[in-house]
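Thanks for making time this morning.

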Amino acid sequence: MGIPLDQLLIQTINGIVTGMILALVASGLTLIFGIMDVVNFAHGELFMLGAYVGVLTLAATGNFWIALVVSTLVIALLGAFIYLTTLRPLIGRDPLTTILATFGVSLVLQNYALWQFGPVARKIQEPITGHFQLFYLDYPYYRLAIAALAAAIIGGLWLFLKFGTYGIWIRATTQDRVMAQAMGIPVPWVLTAVFAIGSGMAAASGVLFGPLVGVNSQMGTSWVLRAFIVVVVGGMGSLSGSIAAAIFISLLEAYASLWVSPAQAVIVSFVVLILTLLFRPTGLFVPTPK
Amino acid sequence: MTERRLFVYWTGFTVILALLIVAPLVLPEFWRRFLTEILIWGLLAMSSDILIGYAGMVSFGHSAFFGLGMYGAAAALLTTNPPNLWLALLYGLLIAAATAAFVAYFSTRLRDIYFAITTLIFSQIFYVIIFTSTSLTGGENGLNFRRPALAIPHLFSIRFTPAVLHWFVLAIVVLSYLLLRRITQSPFGMVLQSIRENEARTRAIGYAVERYKIVAVMLSGVFAGLAGVLYAIQNQFAAPDFVFFVVSGEVVIYNVIGGIGTLVGPILGAAFFLLLREAFSRFFTEFYLIPLGMIFIAIVIFLPGGLLGFARRWLNR
């Protein structure tokens, strides 16, 4: 069965665009996962609530970029609040309890959104409306802008981790929590900040992704599953690994949907995850540990 | 257990069993159905307690075994005429066991959160397959079928009235409980608990830990499938929603609320959860999960032993 080259190319671009959003969601998750041993089930709900805050701010101000910033900040605060109230008491207990607690949080948030915003999907207006000709398609510039913006945000995070004072504290805490504490780093606040940053990034991706599909209370579920897959396939806590895995998996899914329906294409990423766990549990895109 | 505690245990067991037997005769229709439902969800939660509470493996994929047990029963009930109860049980258990063997082969190589994530992903794979193979499974609409009669050929055959169905479910749940209790006290159950406490040491002593884990997952999956068959017989339909991972999450919630590693705890947890859901849905309509989720979080944080653990500590004080 021959697949025309133009379709292949379109799917490549689509895959990279979704891959960048997925990378943005997953890098927040990997930060939380890798540094705090917290499996954040509520991450998808933060993504979804971020999109909703974006909808509300957009309606109030009319400016997409303000909505993006406001939503990121609001959800970062919400993340800090969730961390302080539900996860902090669980420090020192089995990491599995964090799955349970965040699962509870996700139930609450998802139903809160359903209650507050109703079952009808809301729409976010694209800030950039132009199109360009891609073979037989009118391809919106906005999709490319998303990929660029996501890359910029992740780049900013990387610079922050590399050179920012708090970023250095975060990396020190990852390497050795006790020693970091001994050196005078305020570890509890570092952990809160990590959770807030991760939440904010989820919210930003929610707002960016909003214009592509409607915003509804269910949208977080499928994303959190894919983000988990990316985090595991990319290697725990490895930022570059997550980004590579996000693009890799999105491309695979995009290509698979040339043959099967998009609903079934999801299975491809599930299979990738299981094969990774079996043959290379440390992650596909990290150097082999010695 | 000392003589006295054994006596207290069996007295309690008999009293509760007697109450459950009499219940359908005195309860109104709605609550009778509700009680049967609690027993079925309780059986599902109890099956996952083998993994969570005894082997220390938190499975987020029990919806797969439950749902496939349901679809197995559906296959038997739709292909035979008149529908045969025992064939439904056989198909449901076989399919659940096969699924569990498949999932166990891969997932037991991993531990802790990785085990949880893998089982979750496996259940999602089954969900997507069931959801998209519309011609075979009815897709999103699921399958409807008739309820079989409770019959042994050449001996007797009675229709499933609500009360008979309740007793049938009760009998299966009680037998499963006694069997699972016996298993957890057997040498096999002891090995599972020692895996939970210290896997490396258990392996060093010479136990084939991987094989024990696989058997544990299969055992748990078979009982989850049994719950699925019962649910199919009670409600006369199978739907992909029951394979979705949120069901697995609720099963874990039942365990945590009731108290893991106790077998009865999960049933208690299911009863508590479903009762609260009933109560809250009167006030909050379909948003009952908001207060319920908060209660669950509070229990995770403040009552690590669940309701049963809390009751025990309170009684011993």
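Let me begin with helix H8 of chain B, whose buried residues are covered by, among others, helix H2 (29-55), helix H9 (199-205) and helix H10 (209-235) of chain B. Please keep in mind throughout that this is a predicted model.

Which residues of H8 are buried? Within this helix, which spans residues 187-197 of chain B, they are B:Val191, B:Leu192 and B:Ile195. Looking down the axis of H8(B), the buried residues fall within an arc of 100°, so they line one face of the helix. On the face of H8(B) turned away from the buried side we find the exposed residues B:Pro187, B:Met190 and B:Glu197.

Stepping back to the chain as a whole, chain B contains 14 helices and 4 strands. Its radius of gyration is 19 Å, close to the 20 Å that the globule rule gives for 317 residues, so chain B is as compact as a globular protein of that length. Of those 317 residues, 46% count as buried, and among the contacts in chain B with a separation of 6 or more, 76% join residues 24 or more positions apart.

Finally, the contact between chains: 32 residues of chain A are in contact with 28 residues of chain B. On the chain A side, the largest share, 15 residues, comes from H4(A), and the residues of that side divide into 26 nonpolar, 6 polar and no charged.

Technical notes:
Residues are numbered from 1 along each chain as its sequence is written. Chains are lettered from A and ligands numbered from 1 in the order in which they are written. This is a predicted model: local features need pLDDT of at least 70, side-chain atom pairs count only at pLDDT 80 or more; totals for chains, interfaces and linings use all residues. A residue is buried if 20 or more other C-beta atoms lie within 10 Å of its own, exposed if 12 or fewer, and partly exposed in between; C-beta atoms are placed from the backbone. Helices (H or I, at least four residues) and strands (E, at least two) are DSSP runs, numbered from the N terminus. The arc is that of the directions from the helix axis to the C-beta atoms. Two residues are in contact if their C-beta atoms, placed from the backbone, lie within 7 Å. The radius of gyration is taken over C-alpha atoms; the globule rule is 2.2 Å times the number of residues to the power 0.38. Ala, Val, Leu, Ile, Met, Phe, Trp, Tyr, Cys and Pro count as nonpolar, Asp, Glu, Lys and Arg as charged, and the others, Gly among them, as polar.
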